[in-house]
Amino acid sequence: HAGTWMNYERLMTVVDRVNEQNPDIIAITGDYITRGKVNWIADILIEPLAKLSAPDGVVSVLGNHDHWTNPGAVREILQTANVQELANDSLILERVSGKLAICGVDDVWEHKADLDPILASLPNDDTPAILLAHEPDFADQSAETGRFALQLSGHSHGGQIRLPFIGAIQLPYLGEKYSMGQYQVRDMIQYTNRGVGMIPPTVRMGCPPEITVFTLTGAV
């Protein structure tokens with residue numbers, strides 16, 4: 001959400017914290033910008049995103065705010081920063097012990113998500129697949145396919161403000177059912193990250209920002 005509270009200095013701090021985890025791959029689930037002139041926002045985003053470091057790279061999908069502002073310009077920023085967008089596509093990682101598919105759908109709210117080309121691109125075997133989808137409530141559709149072990153989402157910010165015994169005081173469209181944390185949706189795990197940015201009002205209460213580290217292990 002560059003362009004409001006998230007400035008260059010704050011984003012560089014986030015990037016440093018991510019790199020400290022020594023990840024094999026980094027996944028970002030959209031909303032790089034909130035609003036504003038893209039050329040100014042590019043000055044905030046490109047250098048920090050390019051500094052992200054992982055052997056298997058950085059993968060991403062776009063969010064609703066990216067589409068509402070200028071999706072073409074956001075894609076150009078990602079490409080310049082060497083961030084791979086998975087727009088209804090998949091990336092197959094290979095190890096000696098097996099393969100892992102990292103998939104991503106374009107924005108659900110803007111009716112850009114399409115699972116068919118993703119499913120067609122996956123190997124015809126038991127290769128486990130992880131799906132990036134900006135809006136978490138898409139999990140009901142992705143889980144229905146029976147093909148994804150895990151969906152990673154953002155969008156909701158966890159509500160930004162959560163009150164005791166009440167929870168989030170407001171949640172966005174397509175971020176109401178699976179608003180924060182881990183859920184079991186059929187045979188698929190859904191995880192909704194609270195994110196590191198904010199939209200106005202730029203306040204968090206009972207809902208701290210989050211960088212999530214997942215450790216994947218092979219089947220025994």
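Which residue forms a salt bridge with Asp140? In this predicted model, the partner of Asp140 is Lys177, and the closest N and O atoms of the two are 3.0 Å apart. The pair links distant parts of the chain. Asp140 belongs to helix α6, residues 139–144, while Lys177 sits in the loop between β9 (167–168) and β10 (181–185), 37 residues apart from Asp140. Asp140 has a relative accessible area of 30% and is therefore partly exposed.

Such contacts follow a general principle: side chains of opposite charge can pair when their charged atoms come close. The structure contains eight salt bridges.

Another of these joins the side chains of Lys99 and Asp125, with an N to O distance of 3.4 Å. Here too, distant parts of the chain are linked: Lys99 lies in strand β5 (residues 98–104), and Asp125 lies in the loop between α5 (115–121) and β6 (129–132), 26 residues apart. Lys99 counts as partly exposed because its relative accessibility is 33%. Asp125 is likewise partly exposed, at 37%.

A further salt bridge connects Arg194 with Glu210, whose closest N and O atoms are 3.6 Å apart. Both residues lie in the segment after β11 (188–192), so the pair ties together parts that are 16 residues apart in sequence. Buried means under 20% relative accessible area. Arg194, at 19%, is therefore buried, and Glu210, at 10%, is buried as well.

Finally, salt bridges can share partners, as Arg75, Glu85 and Asp106 show by being joined into one network.

Technical notes
Residues numbered from 1 in each chain as written. Predicted model: local features only at pLDDT ≥ 70, side-chain atom pairs only at ≥ 80, totals over all residues. Heavy atoms only, no water. Salt bridge = Lys/Arg side-chain N within 4 Å of Asp/Glu carboxyl O. Helix = DSSP H or I, 4+ residues; strand = E, 2+ residues; numbered from the N terminus. Buried < 20%, exposed > 50% of the residue type's maximum accessible area, 1.4 Å probe, protein only.
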